[in-house]
Amino acid sequence: MNTPTQDTAAIEVTGATVHYGDVLALDHVDLDVPQGLICGLLGTNGSGKSTLFKTLLGLVRPDHGRVRIMGRTHTAARRAGLLAYVPQSEQVDWAFPVRVRDVVMMGRYGHMRTRRRPRPADRQAVDHALHRTGLTDLADRQIGALSGGQRKRAFLARALAQQAHVLLLDEPFAGVDKHSESTIIDLLRTLREQGHTLLVSTHDLAQVPALCDRAVLLQRRVVARGTPDQVLRPELLMEAFGVHTPEEGPVWMP
Amino acid sequence: MDALTALVDFFAVPLQFAFVQRALLVAVVAGVVCAVLSCWMTLMGWSLMGDAVSHAVLPGVVLSAMFGLPFALGALVFGAGSVALIGAVNRTSRVKEDAVIGVVFTAMFALGLVLISRVPSQTDLGHILFGNVLGVTDTDIVQILVLAALVLTVVWFKHRDLTLYAFDRVHAHAIGLNPRLLETLLLGLLAVTVVVALQAVGIILVVAMVIIPGATAYLLTDRFERMLAIATAVAVAAAVLGVFTSFHLNVSTGGSIVLAQAGAFTLAYLLSPRHGILGRRRTRRRTHPATPAHT
(Lines give C-alpha, C1' and ligand atoms only; values in the text may rest on other atoms or scores of the structure.)
Protein backbone atom coordinates (compact mmCIF):
# COMPACT_ATOMS: atom_id res chain seq x y z
CA MET A 1 0.00 0.00 0.00
CA ASN A 2 1.04 3.57 -0.51
CA THR A 3 0.76 4.59 3.12
CA PRO A 4 3.58 4.63 5.66
CA THR A 5 2.98 1.57 7.77
CA GLN A 6 4.49 1.19 11.20
CA ASP A 7 4.91 -2.18 12.82
CA THR A 8 2.09 -1.87 15.33
CA ALA A 9 -1.18 -3.31 14.11
CA ALA A 10 -4.03 -0.79 14.15
CA ILE A 11 -6.42 -3.47 15.34
CA GLU A 12 -5.24 -6.65 17.02
CA VAL A 13 -7.55 -9.24 18.50
CA THR A 14 -6.21 -12.53 19.82
CA GLY A 15 -8.38 -15.47 20.82
CA ALA A 16 -11.45 -13.45 21.72
CA THR A 17 -14.32 -15.58 23.01
CA VAL A 18 -17.62 -13.99 24.00
CA HIS A 19 -20.72 -15.59 25.51
CA TYR A 20 -24.10 -13.94 25.95
CA GLY A 21 -25.43 -16.00 28.79
CA ASP A 22 -25.18 -19.51 27.38
CA VAL A 23 -24.97 -18.48 23.74
CA LEU A 24 -21.55 -18.47 22.13
CA ALA A 25 -21.24 -15.26 20.10
CA LEU A 26 -17.51 -15.25 19.27
CA ASP A 27 -15.28 -18.31 19.30
CA HIS A 28 -11.52 -17.71 19.53
CA VAL A 29 -11.52 -14.89 17.02
CA ASP A 30 -8.19 -13.52 15.83
CA LEU A 31 -8.04 -10.29 13.87
CA ASP A 32 -5.01 -8.37 12.74
CA VAL A 33 -5.46 -5.19 10.70
CA PRO A 34 -2.26 -3.28 9.82
CA GLN A 35 -2.38 0.51 9.78
CA GLY A 36 -3.67 2.28 6.70
CA LEU A 37 -5.83 -0.52 5.31
CA ILE A 38 -9.52 -1.09 4.78
CA CYS A 39 -10.60 -4.43 6.15
CA GLY A 40 -14.02 -5.85 5.33
CA LEU A 41 -15.78 -7.82 8.05
CA LEU A 42 -18.17 -10.17 6.28
CA GLY A 43 -20.86 -12.42 7.65
CA THR A 44 -24.57 -12.97 8.01
CA ASN A 45 -26.71 -11.23 10.58
CA GLY A 46 -25.93 -12.92 13.86
CA SER A 47 -22.46 -14.00 12.74
CA GLY A 48 -20.84 -11.92 15.49
CA LYS A 49 -19.88 -8.80 13.52
CA SER A 50 -21.59 -6.45 15.94
CA THR A 51 -20.27 -8.40 18.92
CA LEU A 52 -16.76 -8.04 17.55
CA PHE A 53 -17.26 -4.27 17.24
CA LYS A 54 -18.57 -4.12 20.80
CA THR A 55 -15.54 -6.08 21.93
CA LEU A 56 -13.22 -3.66 20.15
CA LEU A 57 -15.01 -0.73 21.80
CA GLY A 58 -14.89 -2.36 25.22
CA LEU A 59 -18.69 -2.56 25.49
CA VAL A 60 -18.48 -6.33 25.77
CA ARG A 61 -15.80 -7.94 27.86
CA PRO A 62 -14.51 -11.17 26.31
CA ASP A 63 -14.37 -14.29 28.49
CA HIS A 64 -10.79 -14.59 27.37
CA GLY A 65 -8.68 -13.09 24.64
CA ARG A 66 -7.06 -9.75 24.16
CA VAL A 67 -7.82 -6.55 22.26
CA ARG A 68 -5.30 -3.89 21.28
CA ILE A 69 -5.97 -0.71 19.31
CA MET A 70 -2.73 0.85 18.03
CA GLY A 71 -0.99 -1.23 20.67
CA ARG A 72 -3.12 0.08 23.52
CA THR A 73 -6.00 -1.30 25.56
CA HIS A 74 -9.42 -0.17 24.41
CA THR A 75 -9.72 2.15 27.42
CA ALA A 76 -6.44 3.91 26.65
CA ALA A 77 -7.30 4.03 22.94
CA ARG A 78 -10.71 5.58 23.59
CA ARG A 79 -9.30 8.16 25.98
CA ALA A 80 -6.66 9.06 23.40
CA GLY A 81 -9.41 9.57 20.81
CA LEU A 82 -8.10 6.84 18.53
CA LEU A 83 -11.43 5.09 17.93
CA ALA A 84 -14.48 6.27 16.01
CA TYR A 85 -17.64 4.23 15.64
CA VAL A 86 -20.28 4.69 12.93
CA PRO A 87 -23.44 2.97 14.23
CA GLN A 88 -26.12 0.99 12.42
CA SER A 89 -29.26 2.97 11.69
CA GLU A 90 -31.36 0.87 14.06
CA GLN A 91 -29.33 2.05 17.04
CA VAL A 92 -30.17 5.73 16.61
CA ASP A 93 -33.14 7.69 18.01
CA TRP A 94 -34.00 9.62 14.84
CA ALA A 95 -36.65 11.74 16.60
CA PHE A 96 -34.05 13.21 18.97
CA PRO A 97 -34.05 17.03 18.85
CA VAL A 98 -30.59 17.55 17.38
CA ARG A 99 -29.54 19.03 14.05
CA VAL A 100 -27.12 17.38 11.67
CA ARG A 101 -24.53 19.98 12.70
CA ASP A 102 -25.02 19.12 16.40
CA VAL A 103 -24.46 15.42 15.70
CA VAL A 104 -21.24 16.12 13.79
CA MET A 105 -20.11 18.45 16.60
CA MET A 106 -20.42 15.52 19.01
CA GLY A 107 -17.42 14.06 17.21
CA ARG A 108 -15.38 16.96 18.57
CA TYR A 109 -16.25 16.48 22.25
CA GLY A 110 -13.08 14.51 22.89
CA HIS A 111 -11.10 17.54 21.74
CA MET A 112 -12.95 19.98 23.98
CA ARG A 113 -12.71 20.98 27.63
CA THR A 114 -15.18 20.19 30.42
CA ARG A 115 -18.15 22.21 29.19
CA ARG A 116 -17.66 21.11 25.53
CA ARG A 117 -17.94 24.64 24.25
CA PRO A 118 -16.98 24.61 20.56
CA ARG A 119 -13.99 26.73 19.61
CA PRO A 120 -13.24 28.02 16.10
CA ALA A 121 -11.10 24.96 15.34
CA ASP A 122 -14.05 22.72 16.24
CA ARG A 123 -16.44 24.67 14.04
CA GLN A 124 -13.96 24.47 11.17
CA ALA A 125 -13.59 20.71 11.57
CA VAL A 126 -17.38 20.32 11.57
CA ASP A 127 -17.82 22.52 8.49
CA HIS A 128 -15.08 20.59 6.73
CA ALA A 129 -16.63 17.22 7.62
CA LEU A 130 -20.06 18.42 6.46
CA HIS A 131 -18.51 19.61 3.20
CA ARG A 132 -16.72 16.33 2.55
CA THR A 133 -19.89 14.34 3.10
CA GLY A 134 -21.95 16.73 0.96
CA LEU A 135 -24.21 17.73 3.85
CA THR A 136 -23.41 21.44 4.10
CA ASP A 137 -26.83 22.47 2.79
CA LEU A 138 -28.61 20.09 5.16
CA ALA A 139 -26.61 20.98 8.27
CA ASP A 140 -29.48 22.74 10.05
CA ARG A 141 -32.01 19.96 9.53
CA GLN A 142 -33.15 17.76 12.36
CA ILE A 143 -31.21 14.49 12.06
CA GLY A 144 -34.32 12.41 11.32
CA ALA A 145 -35.29 14.66 8.40
CA LEU A 146 -32.59 13.08 6.24
CA SER A 147 -32.80 10.16 3.82
CA GLY A 148 -31.17 6.84 4.70
CA GLY A 149 -27.98 7.61 2.80
CA GLN A 150 -27.74 11.13 4.19
CA ARG A 151 -28.12 9.78 7.72
CA LYS A 152 -25.19 7.42 7.17
CA ARG A 153 -23.14 10.31 5.80
CA ALA A 154 -24.00 12.43 8.85
CA PHE A 155 -22.55 9.81 11.18
CA LEU A 156 -19.57 9.39 8.88
CA ALA A 157 -19.12 13.16 9.10
CA ARG A 158 -19.08 12.85 12.87
CA ALA A 159 -16.28 10.26 12.62
CA LEU A 160 -14.39 12.59 10.23
CA ALA A 161 -14.72 15.51 12.64
CA GLN A 162 -13.41 13.28 15.40
CA GLN A 163 -10.21 12.68 13.40
CA ALA A 164 -9.75 9.27 14.98
CA HIS A 165 -7.08 6.99 13.61
CA VAL A 166 -9.20 3.84 13.57
CA LEU A 167 -12.77 3.88 12.23
CA LEU A 168 -15.28 1.11 12.88
CA LEU A 169 -18.19 1.22 10.43
CA ASP A 170 -21.18 -1.00 11.17
CA GLU A 171 -23.08 -1.78 7.94
CA PRO A 172 -22.40 1.58 6.26
CA PHE A 173 -24.10 0.49 3.02
CA ALA A 174 -27.35 -0.86 4.48
CA GLY A 175 -30.38 1.07 3.23
CA VAL A 176 -28.25 3.51 1.25
CA ASP A 177 -29.06 4.86 -2.23
CA LYS A 178 -26.55 4.71 -5.09
CA HIS A 179 -25.46 8.33 -4.80
CA SER A 180 -24.71 8.08 -1.08
CA GLU A 181 -23.04 4.72 -1.64
CA SER A 182 -20.50 6.15 -4.07
CA THR A 183 -19.95 9.21 -1.86
CA ILE A 184 -19.25 6.92 1.09
CA ILE A 185 -16.93 4.66 -0.91
CA ASP A 186 -14.95 7.66 -2.20
CA LEU A 187 -14.65 9.00 1.34
CA LEU A 188 -13.49 5.70 2.77
CA ARG A 189 -10.78 5.46 0.09
CA THR A 190 -9.65 9.01 0.82
CA LEU A 191 -9.45 8.21 4.51
CA ARG A 192 -7.26 5.20 3.74
CA GLU A 193 -4.97 7.38 1.62
CA GLN A 194 -4.65 9.72 4.59
CA GLY A 195 -3.41 6.82 6.69
CA HIS A 196 -6.57 5.91 8.60
CA THR A 197 -7.45 2.30 9.30
CA LEU A 198 -11.00 1.18 8.62
CA LEU A 199 -12.90 -1.90 9.69
CA VAL A 200 -16.12 -2.11 7.65
CA SER A 201 -18.77 -4.68 8.46
CA THR A 202 -21.18 -5.66 5.70
CA HIS A 203 -23.36 -8.55 4.63
CA ASP A 204 -23.47 -7.11 1.11
CA LEU A 205 -20.45 -8.47 -0.76
CA ALA A 206 -20.71 -6.30 -3.90
CA GLN A 207 -18.44 -3.51 -2.62
CA VAL A 208 -15.81 -5.74 -1.09
CA PRO A 209 -13.41 -6.37 -4.02
CA ALA A 210 -13.28 -2.71 -5.05
CA LEU A 211 -13.10 -1.25 -1.55
CA CYS A 212 -11.27 -3.58 0.78
CA ASP A 213 -7.58 -4.50 1.01
CA ARG A 214 -8.33 -7.32 3.41
CA ALA A 215 -11.40 -9.30 4.25
CA VAL A 216 -12.39 -11.53 7.13
CA LEU A 217 -15.25 -13.97 6.88
CA LEU A 218 -16.95 -14.42 10.22
CA GLN A 219 -19.38 -17.06 11.43
CA ARG A 220 -18.83 -16.80 15.19
CA ARG A 221 -15.30 -17.96 14.39
CA VAL A 222 -13.07 -16.75 11.57
CA VAL A 223 -13.97 -18.87 8.51
CA ALA A 224 -11.41 -17.23 6.23
CA ARG A 225 -9.10 -14.25 6.08
CA GLY A 226 -6.87 -12.68 3.44
CA THR A 227 -7.31 -10.57 0.34
CA PRO A 228 -10.86 -10.26 -1.03
CA ASP A 229 -9.93 -12.75 -3.79
CA GLN A 230 -8.83 -15.32 -1.26
CA VAL A 231 -11.91 -14.88 0.88
CA LEU A 232 -14.70 -14.47 -1.67
CA ARG A 233 -14.56 -18.08 -2.85
CA PRO A 234 -17.75 -20.04 -3.32
CA GLU A 235 -17.00 -22.85 -0.90
CA LEU A 236 -16.03 -20.40 1.87
CA LEU A 237 -19.08 -18.24 1.24
CA MET A 238 -21.26 -21.33 1.37
CA GLU A 239 -19.84 -22.07 4.77
CA ALA A 240 -20.44 -18.58 6.11
CA PHE A 241 -23.59 -17.56 4.26
CA GLY A 242 -25.03 -20.90 3.18
CA VAL A 243 -27.80 -23.00 4.61
CA HIS A 244 -27.32 -23.70 8.29
CA THR A 245 -26.25 -27.24 8.99
CA PRO A 246 -26.98 -28.44 12.54
CA GLU A 247 -23.51 -27.68 13.84
CA GLU A 248 -23.77 -24.16 12.45
CA GLY A 249 -26.97 -23.43 14.32
CA PRO A 250 -26.94 -21.60 17.65
CA VAL A 251 -24.47 -23.24 19.96
CA TRP A 252 -25.80 -23.92 23.42
CA MET A 253 -23.32 -24.59 26.13
CA PRO A 254 -24.68 -26.94 28.78
CA MET B 1 -64.89 46.60 36.21
CA ASP B 2 -62.45 47.50 33.48
CA ALA B 3 -60.73 44.41 32.10
CA LEU B 4 -57.24 45.83 32.56
CA THR B 5 -57.87 46.73 36.18
CA ALA B 6 -59.25 43.28 36.79
CA LEU B 7 -56.09 41.76 35.33
CA VAL B 8 -53.82 43.96 37.42
CA ASP B 9 -55.83 43.13 40.53
CA PHE B 10 -55.61 39.43 39.72
CA PHE B 11 -51.86 39.67 40.30
CA ALA B 12 -51.53 42.70 42.59
CA VAL B 13 -53.98 41.75 45.33
CA PRO B 14 -52.41 38.39 46.26
CA LEU B 15 -48.89 39.83 46.06
CA GLN B 16 -49.66 42.04 49.07
CA PHE B 17 -49.38 38.91 51.18
CA ALA B 18 -45.91 37.71 52.15
CA PHE B 19 -46.96 34.06 52.04
CA VAL B 20 -48.03 34.44 48.41
CA GLN B 21 -44.68 36.02 47.52
CA ARG B 22 -42.85 33.11 49.10
CA ALA B 23 -45.12 30.57 47.42
CA LEU B 24 -44.48 32.25 44.09
CA LEU B 25 -40.73 32.15 44.63
CA VAL B 26 -40.76 28.45 45.50
CA ALA B 27 -43.13 27.52 42.69
CA VAL B 28 -41.10 29.38 40.07
CA VAL B 29 -37.71 28.09 41.25
CA ALA B 30 -38.97 24.52 41.50
CA GLY B 31 -40.66 24.91 38.11
CA VAL B 32 -37.46 26.07 36.43
CA VAL B 33 -35.27 23.31 37.89
CA CYS B 34 -37.81 20.62 37.08
CA ALA B 35 -38.33 22.01 33.58
CA VAL B 36 -34.62 21.92 32.79
CA LEU B 37 -34.30 18.33 33.94
CA SER B 38 -37.58 17.33 32.27
CA CYS B 39 -35.97 17.70 28.83
CA TRP B 40 -33.62 14.79 29.54
CA MET B 41 -36.32 12.82 31.38
CA THR B 42 -38.58 13.03 28.32
CA LEU B 43 -35.86 11.96 25.91
CA MET B 44 -34.64 9.13 28.16
CA GLY B 45 -38.18 7.87 28.80
CA TRP B 46 -37.67 8.12 32.53
CA SER B 47 -41.12 9.19 33.71
CA LEU B 48 -41.58 6.01 35.77
CA MET B 49 -38.19 6.64 37.32
CA GLY B 50 -39.31 10.17 38.24
CA ASP B 51 -42.45 8.79 39.83
CA ALA B 52 -40.40 6.21 41.72
CA VAL B 53 -37.86 8.65 43.13
CA SER B 54 -40.54 11.09 44.26
CA HIS B 55 -42.56 8.42 46.09
CA ALA B 56 -39.47 6.85 47.62
CA VAL B 57 -38.51 10.03 49.49
CA LEU B 58 -41.52 9.80 51.80
CA PRO B 59 -39.81 7.84 54.62
CA GLY B 60 -36.89 10.29 54.42
CA VAL B 61 -39.19 13.27 54.87
CA VAL B 62 -40.96 11.62 57.80
CA LEU B 63 -37.71 10.62 59.51
CA SER B 64 -36.35 14.15 59.07
CA ALA B 65 -39.42 15.52 60.81
CA MET B 66 -39.03 12.93 63.57
CA PHE B 67 -35.46 13.93 64.34
CA GLY B 68 -35.80 17.63 63.58
CA LEU B 69 -33.45 17.51 60.58
CA PRO B 70 -33.82 19.53 57.37
CA PHE B 71 -36.43 17.75 55.23
CA ALA B 72 -34.08 17.81 52.24
CA LEU B 73 -31.50 15.66 54.00
CA GLY B 74 -33.77 12.69 54.62
CA ALA B 75 -35.42 13.07 51.24
CA LEU B 76 -32.07 13.07 49.44
CA VAL B 77 -30.82 10.00 51.29
CA PHE B 78 -33.94 8.02 50.43
CA GLY B 79 -34.23 9.38 46.88
CA ALA B 80 -30.65 8.54 45.98
CA GLY B 81 -30.78 5.33 48.01
CA SER B 82 -33.79 4.01 46.14
CA VAL B 83 -32.19 4.83 42.76
CA ALA B 84 -29.12 2.84 43.84
CA LEU B 85 -31.33 0.02 45.10
CA ILE B 86 -33.24 -0.12 41.79
CA GLY B 87 -29.95 -0.27 39.90
CA ALA B 88 -28.54 -2.98 42.14
CA VAL B 89 -31.62 -5.24 42.03
CA ASN B 90 -31.90 -4.67 38.27
CA ARG B 91 -28.31 -5.81 37.70
CA THR B 92 -28.44 -8.82 39.99
CA SER B 93 -31.82 -10.36 39.15
CA ARG B 94 -33.68 -11.41 36.02
CA VAL B 95 -36.62 -9.13 36.83
CA LYS B 96 -37.10 -6.35 34.27
CA GLU B 97 -36.28 -2.78 35.24
CA ASP B 98 -39.84 -1.41 35.29
CA ALA B 99 -40.91 -4.21 37.65
CA VAL B 100 -37.94 -3.49 39.92
CA ILE B 101 -38.91 0.19 39.94
CA GLY B 102 -42.49 -0.76 40.79
CA VAL B 103 -41.38 -2.92 43.71
CA VAL B 104 -38.87 -0.49 45.18
CA PHE B 105 -40.87 2.71 45.09
CA THR B 106 -44.08 1.25 46.44
CA ALA B 107 -42.15 -0.47 49.25
CA MET B 108 -40.47 2.84 50.16
CA PHE B 109 -43.76 4.68 50.02
CA ALA B 110 -45.40 2.04 52.23
CA LEU B 111 -42.54 2.39 54.71
CA GLY B 112 -43.23 6.11 54.79
CA LEU B 113 -46.94 5.54 55.46
CA VAL B 114 -46.17 3.16 58.31
CA LEU B 115 -43.64 5.56 59.82
CA ILE B 116 -45.95 8.54 59.61
CA SER B 117 -48.66 6.75 61.56
CA ARG B 118 -46.17 6.50 64.46
CA VAL B 119 -45.03 10.14 64.30
CA PRO B 120 -46.52 12.88 66.48
CA SER B 121 -49.10 14.82 64.51
CA GLN B 122 -46.82 17.78 63.64
CA THR B 123 -46.17 16.43 60.18
CA ASP B 124 -49.28 16.51 58.06
CA LEU B 125 -49.39 13.65 55.58
CA GLY B 126 -51.58 15.76 53.34
CA HIS B 127 -48.92 18.47 53.11
CA ILE B 128 -46.21 16.00 52.17
CA LEU B 129 -48.33 14.21 49.60
CA PHE B 130 -49.99 17.20 48.01
CA GLY B 131 -47.65 20.06 48.83
CA ASN B 132 -48.10 23.09 51.01
CA VAL B 133 -46.49 25.87 49.07
CA LEU B 134 -48.56 28.55 50.80
CA GLY B 135 -47.03 27.50 54.12
CA VAL B 136 -43.30 27.23 53.31
CA THR B 137 -40.93 28.38 56.04
CA ASP B 138 -37.70 30.34 55.62
CA THR B 139 -35.60 27.22 56.23
CA ASP B 140 -37.56 25.43 53.50
CA ILE B 141 -36.82 28.28 51.11
CA VAL B 142 -33.12 28.23 51.90
CA GLN B 143 -32.93 24.46 51.27
CA ILE B 144 -34.81 24.81 48.01
CA LEU B 145 -32.64 27.66 46.74
CA VAL B 146 -29.39 25.87 47.62
CA LEU B 147 -30.43 22.62 45.93
CA ALA B 148 -31.81 24.44 42.89
CA ALA B 149 -28.53 26.32 42.49
CA LEU B 150 -26.64 23.04 42.79
CA VAL B 151 -28.69 21.33 40.04
CA LEU B 152 -28.51 24.30 37.68
CA THR B 153 -24.74 24.63 38.16
CA VAL B 154 -24.08 20.97 37.42
CA VAL B 155 -26.33 21.14 34.37
CA TRP B 156 -24.54 24.30 33.22
CA PHE B 157 -21.23 22.43 33.18
CA LYS B 158 -22.43 19.04 31.97
CA HIS B 159 -25.44 19.63 29.71
CA ARG B 160 -23.65 18.73 26.48
CA ASP B 161 -22.29 15.50 27.92
CA LEU B 162 -25.74 14.60 29.26
CA THR B 163 -27.33 15.24 25.88
CA LEU B 164 -24.67 13.16 24.15
CA TYR B 165 -25.36 10.39 26.64
CA ALA B 166 -29.11 10.59 25.99
CA PHE B 167 -28.61 10.58 22.22
CA ASP B 168 -25.80 8.07 21.68
CA ARG B 169 -24.17 6.41 24.65
CA VAL B 170 -22.02 4.20 22.43
CA HIS B 171 -20.38 7.26 20.91
CA ALA B 172 -19.97 8.75 24.39
CA HIS B 173 -18.21 5.53 25.36
CA ALA B 174 -16.13 5.48 22.16
CA ILE B 175 -14.66 8.94 22.79
CA GLY B 176 -13.59 7.96 26.28
CA LEU B 177 -16.47 9.31 28.38
CA ASN B 178 -18.09 7.10 31.00
CA PRO B 179 -21.80 6.57 30.18
CA ARG B 180 -22.39 4.82 33.51
CA LEU B 181 -21.11 7.88 35.32
CA LEU B 182 -23.29 10.19 33.23
CA GLU B 183 -26.32 8.01 33.96
CA THR B 184 -25.56 8.17 37.67
CA LEU B 185 -25.16 11.94 37.43
CA LEU B 186 -28.52 12.31 35.70
CA LEU B 187 -30.22 10.10 38.30
CA GLY B 188 -28.58 12.09 41.08
CA LEU B 189 -29.83 15.32 39.54
CA LEU B 190 -33.29 13.78 39.35
CA ALA B 191 -33.22 12.90 43.06
CA VAL B 192 -32.20 16.44 44.04
CA THR B 193 -34.75 18.00 41.69
CA VAL B 194 -37.54 15.91 43.14
CA VAL B 195 -36.64 17.21 46.59
CA VAL B 196 -36.74 20.80 45.29
CA ALA B 197 -40.21 20.27 43.87
CA LEU B 198 -41.67 18.47 46.89
CA GLN B 199 -42.62 21.66 48.70
CA ALA B 200 -44.26 23.13 45.65
CA VAL B 201 -46.57 20.37 44.52
CA GLY B 202 -46.11 17.43 46.89
CA ILE B 203 -44.89 13.90 46.33
CA ILE B 204 -47.77 12.74 44.15
CA LEU B 205 -47.49 15.46 41.52
CA VAL B 206 -43.70 15.87 41.33
CA VAL B 207 -43.52 13.51 38.38
CA ALA B 208 -45.69 15.94 36.40
CA MET B 209 -43.18 18.72 36.99
CA VAL B 210 -40.26 16.63 35.70
CA ILE B 211 -42.08 15.35 32.60
CA ILE B 212 -44.78 17.72 31.30
CA PRO B 213 -42.62 20.79 30.48
CA GLY B 214 -40.11 18.67 28.55
CA ALA B 215 -42.82 16.70 26.77
CA THR B 216 -44.55 19.95 25.81
CA ALA B 217 -41.35 21.50 24.50
CA TYR B 218 -40.53 18.29 22.58
CA LEU B 219 -43.76 18.78 20.62
CA LEU B 220 -42.77 22.33 19.72
CA THR B 221 -39.14 22.17 18.58
CA ASP B 222 -36.45 20.02 17.01
CA ARG B 223 -33.55 21.76 18.75
CA PHE B 224 -32.42 20.79 22.22
CA GLU B 225 -31.43 24.30 23.35
CA ARG B 226 -34.85 25.62 22.34
CA MET B 227 -36.46 22.69 24.11
CA LEU B 228 -34.77 23.81 27.35
CA ALA B 229 -35.98 27.38 26.84
CA ILE B 230 -39.57 26.41 25.98
CA ALA B 231 -39.83 23.94 28.86
CA THR B 232 -38.62 26.62 31.28
CA ALA B 233 -41.06 29.18 29.92
CA VAL B 234 -43.95 26.73 30.20
CA ALA B 235 -43.02 25.88 33.80
CA VAL B 236 -42.66 29.52 34.88
CA ALA B 237 -45.97 30.50 33.30
CA ALA B 238 -47.70 27.50 34.88
CA ALA B 239 -46.21 28.31 38.31
CA VAL B 240 -47.39 31.92 38.17
CA LEU B 241 -50.81 31.06 36.83
CA GLY B 242 -51.21 28.20 39.29
CA VAL B 243 -50.29 30.18 42.39
CA PHE B 244 -52.61 33.11 41.57
CA THR B 245 -55.49 30.93 40.45
CA SER B 246 -55.27 28.86 43.59
CA PHE B 247 -55.34 32.05 45.70
CA HIS B 248 -58.42 33.46 43.99
CA LEU B 249 -60.39 30.24 43.73
CA ASN B 250 -59.15 28.86 47.05
CA VAL B 251 -58.10 25.55 45.46
CA SER B 252 -55.02 23.32 45.71
CA THR B 253 -51.88 25.16 44.58
CA GLY B 254 -49.96 22.10 43.43
CA GLY B 255 -53.01 20.92 41.55
CA SER B 256 -53.41 24.31 39.86
CA ILE B 257 -49.77 24.43 38.78
CA VAL B 258 -49.87 20.93 37.28
CA LEU B 259 -53.22 21.59 35.61
CA ALA B 260 -51.74 24.70 33.99
CA GLN B 261 -48.82 22.60 32.71
CA ALA B 262 -51.21 19.97 31.41
CA GLY B 263 -53.12 22.73 29.64
CA ALA B 264 -49.92 23.86 27.93
CA PHE B 265 -49.19 20.27 26.90
CA THR B 266 -52.70 19.88 25.46
CA LEU B 267 -52.33 23.04 23.40
CA ALA B 268 -48.97 21.88 22.06
CA TYR B 269 -50.33 18.40 21.37
CA LEU B 270 -53.16 19.85 19.32
CA LEU B 271 -51.65 22.93 17.72
CA SER B 272 -47.88 22.46 17.38
CA PRO B 273 -47.03 23.43 13.78
CA ARG B 274 -44.92 20.37 13.05
CA HIS B 275 -45.81 17.76 15.67
CA GLY B 276 -49.35 18.66 16.81
CA ILE B 277 -52.26 16.62 15.48
CA LEU B 278 -54.22 19.62 14.16
CA GLY B 279 -51.17 21.69 13.24
CA ARG B 280 -49.65 18.78 11.35
CA ARG B 281 -52.80 18.33 9.29
CA ARG B 282 -52.85 22.01 8.38
CA THR B 283 -49.20 22.01 7.37
CA ARG B 284 -49.70 18.97 5.21
CA ARG B 285 -52.63 20.51 3.38
CA ARG B 286 -50.79 23.74 2.79
CA THR B 287 -47.56 22.33 1.40
CA HIS B 288 -47.14 20.08 -1.57
CA PRO B 289 -46.41 16.42 -0.96
CA ALA B 290 -42.99 16.34 0.59
CA THR B 291 -40.31 15.65 -1.98
CA PRO B 292 -37.26 13.97 -0.52
CA ALA B 293 -34.19 16.15 -0.75
CA HIS B 294 -31.51 15.30 -3.26
CA THR B 295 -29.69 12.29 -1.91
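**Exercise 1. Classify how helix 4 and helix 5 of chain A are oriented to each other.**

Solution. This is a predicted model, in which local features need pLDDT of at least 70 and side-chain atom pairs count only at pLDDT 80 or more, while totals for chains, interfaces and linings use all residues. Residues are numbered from 1 along each chain as its sequence is written, and chains are lettered from A and ligands numbered from 1 in the order in which they are written.

- Step 1: locate the helices. Helices (H or I, at least four residues) and strands (E, at least two) are DSSP runs, numbered from the N terminus. Helix 4 covers residues 120–132 of chain A, and helix 5 covers residues 148–162 of chain A.
- Step 2: take the angle. The two pack at about 140°, with axes 8 Å apart. Axes are lines fitted to C-alpha atoms, for helices over the stretch in contact, and angles run from 0 to 180 degrees between N-to-C directions.
- Step 3: apply the classes. Angles under 35 degrees are roughly parallel, over 145 roughly antiparallel, 65 to 115 roughly perpendicular, and the rest oblique. Helix 4 and helix 5 of chain A are therefore oblique to each other.
- Step 4: Helix 4 of chain A passes helix 5 of chain A in a right-handed crossing. A crossing is left-handed if the near helix is turned anticlockwise from the far one by less than a right angle, and right-handed if clockwise.
- Step 5: list the contact. Helix 4 of chain A brings A:A125, A:V126, A:A129, A:L130 and A:R132; helix 5 of chain A brings A:A157, A:L160 and A:A161. Two residues are in contact if their C-beta atoms, placed from the backbone, lie within 7 Å.
- Step 6: sort the residues. They divide into 7 nonpolar, no polar and 1 charged. Ala, Val, Leu, Ile, Met, Phe, Trp, Tyr, Cys and Pro count as nonpolar, Asp, Glu, Lys and Arg as charged, and the others, Gly among them, as polar.

**Exercise 2. Repeat the analysis for helix 5 and helix 6 of chain A.**

Solution. 

- Step 1: helix 6 spans residues 178–193 of chain A. Helix 5 and helix 6 of chain A pack at about 20°, with axes 9 Å apart.
- Step 2: these two helices of chain A, helix 5 and helix 6, are therefore roughly parallel. Helix 5 of chain A passes helix 6 of chain A in a left-handed crossing.
- Step 3: from helix 5 of chain A come A:G149, A:Q150, A:K152, A:R153 and A:L156. They meet A:H179, A:S180, A:E181, A:T183, A:I184 and A:L187 in helix 6 of chain A.
- Step 4: this contact divides into 3 nonpolar, 5 polar and 3 charged residues.

**Exercise 3. Find what covers helix 12 of chain B.**

Solution. 

- Step 1: 9 of the 9 residues of helix 12 of chain B are buried. Among them are B:I212, B:Y218 and B:L220.
- Step 2: the cover includes helix 2 (18–44), helix 11 (206–209), helix 13 and helix 14 (253–271) of chain B.
- Step 3: check confidence. Helix 12 (residues 212–220) has the highest mean pLDDT among the elements of chain B, 97. pLDDT is the predictor's confidence in each residue, from 0 to 100.

**Exercise 4. Describe the side of chain B that touches chain A.**

Solution. 

- Step 1: the contact takes 22 residues from chain B and 31 residues from chain A.
- Step 2: helix 8 (138–167), helix 9 (169–174) and helix 13 (224–249) of chain B each give two or more residues. Helix 8 of chain B gives the most, with 5 residues.
- Step 3: the chain B side divides into 12 nonpolar, 5 polar and 5 charged residues.

Notes. A residue is buried if 20 or more other C-beta atoms lie within 10 Å of its own, exposed if 12 or fewer, and partly exposed in between; C-beta atoms are placed from the backbone.
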